[in-house]
Amino acid sequence: MNTFSKVNVDQLDLEEYPELKEDQPAPAVRAGDQGFGSPGGTPGGAMPPGGMPGGMPGGMPGGFGGMGMDGMDGGIGGIDFDEWKTTACELRDVGKTFDCTQEKSNKVTKKLLAAGVGYDNPRKGWEADVLYVSKQAGDGPLLDATYESEPQRIVIGGDELPAGVEKALITMRVGEKVEVRVAADVAGGNSALLHTLTLVQMYEVAQLLGGAIVKTTRTKPGENDYESPQVRAG
């Protein structure tokens with residue numbers, strides 16, 4: 001059995017017991033002292049109310065370059081993930097359907113039939129060679145078509161395609177082939193329309209200071225920073 005005797009602390013030599021000095025620096029704070037698993041924190045080592053400082057709730061706002069963890073609501077680098085994916089379809093996406101509207105209304109959708117190449121999407125003022133076949137949804141009649149050997153050259157933003165089709169075109173890459181479904185109220189008729197659309201080639205159009213027009217074929221990955229086509233078209 002241990003026995004203890006009373007000690008008069010005032011008579012102790014503090015040089016022998018430096019831990020008793022009043023001017024000792026405070027001990028370093030350990031992770032457990034903040035409530036992450038050791039005595040001194042929240043009971044049982046539980047997460048403190050509100051989560052980690054800076055906030056885990058809501059999907060780590062601002063983390064990972066702006067990509068939220070809560071359903072990826074933050075997108076990638078502040079870009080909406082669904083908009084990005086619609087413009088960056090790959091071979092593994094064949095057969096999938098994507099919403100091409102900025103307001104997510106599903107009134108203009110595209111079903112990927114063949115993936116394209118490169119990273120660029122057509123921009124306003126650029127030119128594009130396209131093939132398309134238009135008909136009413138279901139077993140409706142053929143309404144319009146281009147010849148396979150003669151793609152139609154159009155200017156992006158020039159309203160040269162059937163209503164709603166350009167919304168899909170500006171999300172495509174060179175070589176991409178899609179089935180575009182346009183709702184009746186967008187198509188301006190009594191029924192939805194289906195358009196089989198292929199982006200054969202696209203050309204960046206720029207005007208020099210002297211007035212000369214320069215067209216650059218865009219099939220290789222571009223050097224421009226990504227910008228949502230839906231935003232560009234707005």
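A salt bridge is defined here as a side-chain nitrogen of Lys or Arg within 4 Å of a carboxyl oxygen of Asp or Glu. A search of the whole structure finds 10 such salt bridges. The model is predicted, so local features need pLDDT of at least 70 and side-chain atom pairs count only at pLDDT 80 or more, whereas totals for chains, interfaces and linings use all residues. Residues are numbered from 1 along each chain as its sequence is written, and side-chain values use heavy atoms, with hydrogens and water left out.

**Figure 1. Overview of the protein.** The secondary structure comprises four helices and eight strands, where helices (H or I, at least four residues) and strands (E, at least two) are DSSP runs numbered from the N terminus. Along the sequence, these elements follow the pattern α-β-β-β-β-β-α-β-α-β-β-α. Of the 234 residues, 30% count as buried; buried means under 20% relative accessible area, exposed over 50%, and partly exposed in between (1.4 Å probe, protein chains only). The protein exposes about 14800 Å², of which carbon and sulfur atoms supply 53%; accessible areas come from the Shrake-Rupley method with a 1.4 Å probe, and for residues only the protein chains shown count as cover. A contact means heavy atoms within 4.5 Å. Among the contacts with a separation of 6 or more, 52% are between residues 24 or more positions apart.

**Figure 2. The largest nonpolar core.** A nonpolar core is a set of buried Ala, Val, Leu, Ile, Met, Phe, Trp, Tyr and Cys residues joined through side-chain atoms within 4.5 Å. The largest such core has 24 residues, and Val130, Leu169 and Leu197 touch the most other members. Two or more residues of this core come from each of strand 2 (108–114), strand 3 (127–136), helix 2 (165–169), strand 6 (177–182) and strand 7 (193–207). Leaving aside residues up to four places away in sequence, the neighbours touched by Val130 include Leu161, Leu169, Leu197 and Leu199. Val130 also touches Thr146, Pro151 and Gln152. In soluble globular proteins, nonpolar side chains tend to be buried together.

**Figure 3. Strand 6 and its two partners.** The covered face of strand 6 carries Val178, Val180 and Val182, and the uncovered face carries Lys177, Glu179 and Arg181. In a regular strand the side chains alternate between the two faces of the sheet. Two strands pair if DSSP finds at least two bridges between them. Strand 6 pairs in the antiparallel sense with strand 2 over six bridges, and its pairing with strand 7 is likewise antiparallel, over six bridges. Thr109 stands opposite Arg181 of strand 6, while Lys177 has Thr198 in strand 7 as its bridge partner.

**Figure 4. The surroundings of Thr198.** Thr198 is found in strand 7 and counts as buried because its relative accessibility is 16%. Beyond residues up to four places away in sequence, Thr198 touches Asp129, Val130, Leu131, Met172, Glu176 and Lys177.

**Figure 5. A network of salt bridges.** Lys85, Glu90, Arg92, Asp93 and Lys96 are linked in a network of salt bridges. Side chains of opposite charge can pair when their charged atoms come close. Glu90 meets Lys85 with an N to O distance of 3.1 Å; Glu90 is partly exposed at 33% relative accessibility, whereas Lys85 is buried at 12%. Lys96 forms a salt bridge with Asp93, their closest N and O atoms being 3.3 Å apart. Of these two residues, Lys96 is partly exposed at 42% relative accessibility, and Asp93 is buried at 1%.

Figure 6. The side chains of Arg153 and Glu127 meet in a salt bridge of 3.3 Å, N to O. Arg153 lies in strand 5 (residues 152–155) and Glu127 in strand 3, so the pair ties together parts that are 26 residues apart in sequence. Arg153 is partly exposed, with 41% relative accessibility, whereas Glu127 is buried, with a relative accessible area of 12%.

Figure 7. A search of the whole structure finds one aromatic pair. The ring centres of Phe81 and Trp84 lie 5.7 Å apart and the ring planes stand at 40°, so the pair is tilted. Rings of Phe, Tyr and Trp (its six-membered ring) pair if their centres lie within 6.5 Å; planes under 30 degrees apart count as stacked, over 60 as edge-to-face and the rest as tilted. Both residues belong to helix 1 (residues 81–86), three residues apart, about one turn of the helix. Phe81 is partly exposed at 26% relative accessible area, and Trp84 is partly exposed at 30%.
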